[in-house]
Amino acid sequence: MQSIDSLHDFFVRTGAEVRLYHLGRRVVPCELESLRALEHDGAAWPAPWQSQARLAMVFRLGDLQDPLIWFLALPLDEQGQLDPAARDAFLQRLLETLGRNVQGLGREDSSEIDNLMKDNPLAFTPSTTFQAMLHARASHDFERPASQHLEPVEAYLSGQQTLDWQALGLQGLADFAVRMDADAQHQLARSIATLPSEVLVSLCYCLEHVAILDELADRLRQRGEQAASDGDIETFCACVRAVSGADEEKTGDWYDTLLADEQACGPDLLAAMAGRGWHHLEHAERLPRFLTRLANEPRADFSAVARDLALIPRLRLPVLMTLREAEPTSPIGRRLASLPR
């Protein structure tokens, strides 16, 4: 039998039914090929987060009915490529657990494999919202029913039933976000203006992981701008994060408007753009404007955010070029000059 030299090899050799999900910037499906490219080809990870490739690995082995779930944060180097030492140590433990025999795995073997997450330096615990979105995604992808919390959320958001919003579960909001169709988005758009802020914020933290249509993006922008004028920064930034799932024209236009307003560009807004709307920063004028606002904000960690964006393959060259071409007297130039050498 061929040797197992990577996590990709493990899933292929065992014949596992596996689905991977990014757990860095957004909870979205990840192709197994992306893991292979990272481990075998030395490719840069497409969606790094804090110098890690954060993944949920949902898989079935042998005759196990319920999937196993691994949350792994694979360390990346300065080029966004895999730093293999920790992965290799985990793989060695995995193969020792299996006795290097990956044929005919049963329930007992699968349980031992699942236990490898204990005391594993690569393991991490996602935030509550990320866990809810992963459960919603995986249930949908494995063609399993949504949680029992979806029905009351649908009834509440469609106006069919008046409920105490505090009874709505985060898992139901996540299931709704993953499974909503165009009609559901239309109904939701009509209710955005009147949703309690507490519900809207939690909902936005789910919507930021999915694609949304123009009508919903417009209503979220309107609600976000109203929240900003009322001084409700949390709701404002939540709406900005949610609109990151809209198309380039809708999101880009709002980003440009916000970046033109120096007073609007506080650290929370800049973090929302970089963390959830990074793909909308791949723009010849918007990226330098964003980095300038970032440099001008003393409460923002300019070095950490710029470095994190530069690890994203599509943004690496534009970010580095913007930094290198900055005039010494510009906000970016002054920030760079203040960094320890």
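**Exercise 1. Which residues are linked in a network of salt bridges?**

Solution. The model is predicted: local features need pLDDT of at least 70, side-chain atom pairs count only at pLDDT 80 or more, and totals for chains, interfaces and linings use all residues. Residues are numbered from 1 along each chain as its sequence is written, and side-chain values use heavy atoms, with hydrogens and water left out.

Step 1. Apply the criterion: a side-chain nitrogen of Lys or Arg within 4 Å of a carboxyl oxygen of Asp or Glu.
Step 2. The count under this rule is 17 salt bridges.
Step 3. The linked network consists of E248, D256, E285, R286 and R289.

**Exercise 2. Describe the salt bridge of R87 and E39 and the surroundings of E39.**

Solution.
Step 1. The N to O distance between the side chains of R87 and E39 is 2.6 Å.
Step 2. R87 belongs to helix α3 (residues 85-98) and E39 to helix α2 (residues 32-40), so the pair ties together parts that are 48 residues apart in sequence. Helices are DSSP runs (H or I, at least four residues), numbered from the N terminus.
Step 3. Both R87 and E39 are buried; buried means under 20% relative accessible area, exposed over 50%, and partly exposed in between (1.4 Å probe, protein chains only). For E39 the relative accessible area is 12%.
Step 4. The E39 side chain also reaches the backbone nitrogen of H8 at 2.8 Å, a polar contact (a pair of N or O atoms within 3.5 Å; within protein, one must be able to donate a hydrogen and the other to accept it, and residues adjacent in sequence count only if both atoms are side-chain atoms).
Step 5. Leaving out residues up to four places away in sequence, E39 touches S6, L7, H8, L82 and R87, where contact means heavy atoms within 4.5 Å.

**Exercise 3. Describe the salt bridges R241 to E208 and E225 to R221.**

Solution.
Step 1. R241 and E208 meet at 2.8 Å, N to O. This pair links distant parts of the chain, with R241 in helix α11 and E208 in the loop between α9 (197-207) and α10 (214-229), 33 residues apart.
Step 2. R241 is partly exposed at 22% relative accessible area, while E208 is buried at 1%.
Step 3. E225 and R221 meet at 2.9 Å, N to O. They lie 4 residues apart in helix α10, which means a separation of about one helical turn. E225 is partly exposed, at 36% relative accessibility.

**Exercise 4. How is α11 placed in the structure, buried or exposed?**

Solution.
Step 1. In α11, 8 of the 11 residues are buried, so the helix is largely enclosed by the rest of the structure.
Step 2. Among the buried residues of α11 are T235, F236 and C237.
Step 3. The cover over the buried residues of α11 includes α9, α10, α12 (248-259) and α13.

**Exercise 5. Which elements give two or more residues to the lining of the largest pocket?**

Solution.
Step 1. On a 1 Å grid over the protein atoms alone, a pocket is an open set of points where a 1.4 Å probe fits, with protein on both sides within 12 Å along at least five of seven lines; lining residues have an atom within 4 Å of a point.
Step 2. The lining of the largest pocket has 19 residues, with W49, D268, A271, A272 and G275 nearest the centre.
Step 3. The elements are α11 (233-243), α13 (267-276) and α15 (302-310). The most comes from α13, with 6 residues.
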